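Hi everyone, thanks for coming. Let me put the structure up on the screen, and then we can walk through it together.

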Amino acid sequence: SSRPLPGSQAVTLFLGGSRDSGVVVSTKGMGPEMSIALKPGEVALHTAEGDSIHLKNGRVVSITTETLAIKATTAVRIDSPTVEATGEVSDSGGKLSALRGHHNAHTHIGNLGASTSPPDQQDTGA
């Protein structure tokens with residue numbers, strides 16, 4: 001569904017030729033044009049504020065927005081061999097960088113009651 005901005009243009013089809021059965025199949029806002037250069041076979045959906053979903057060739061879906069909110073009543077499942085993040089990762093328990101810092105600095109009590117050295121293998125987040 002969509003709610004075009006006032007002044008937008010629309011392509012309307014009238015089913016059976018009846019003006020009582022109009023269906024809008026496409027709209028074009030009167031603001032700035034979409035900044036995504038589509039290649040043959042690609043599709044994009046965008047808003048007047050610049051948010052977009054771009055279905056690219058090569059089976060890539062690119063979403064551009066300020067805040068991406070996903071609401072699931074049961075679960076969110078990511079089935080991928082790799083999940084990457086360029087920013088800070090956190091949950092209700094805190095930030096991953098803080099957990100990494102605790103891991104890198106932790107020691108254990110050795111057999112003679114003295115603390116061991118920090119781990120030989122430091123977690124760099126890479």
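So, what share of the 126 residues in the protein chain do buried residues make up? Buried residues come to 3%, where buried means under 20% relative accessible area, exposed over 50% and partly exposed in between, with a 1.4 Å probe and protein chains only.

A word on where this comes from. This is a predicted model, so local features need pLDDT of at least 70 and side-chain atom pairs count only at pLDDT 80 or more, while totals for chains, interfaces and linings use all residues. Residues are numbered from 1 along each chain as its sequence is written, and side-chain values use heavy atoms, with hydrogens and water left out.

The protein chain has an average pLDDT (the predictor's confidence in each residue, from 0 to 100) of 83, and 89% of the residues reach at least 70. In secondary structure we have 1 helix and 7 strands; these are DSSP runs, H or I of at least four residues for helices and E of at least two for strands, numbered from the N terminus.

Now to one hairpin. Strands E4 (residues 52-56) and E5 (residues 60-64) pair in the antiparallel sense through 5 bridges; pairing takes at least two DSSP bridges. There are 3 residues between the strands, and Gly58 has a positive phi near 85°.

Ser52 is buried, at 10% relative accessible area. Beyond its neighbours within four places in sequence, its contacts (heavy atoms within 4.5 Å) include Ile36, Leu45 and His46.
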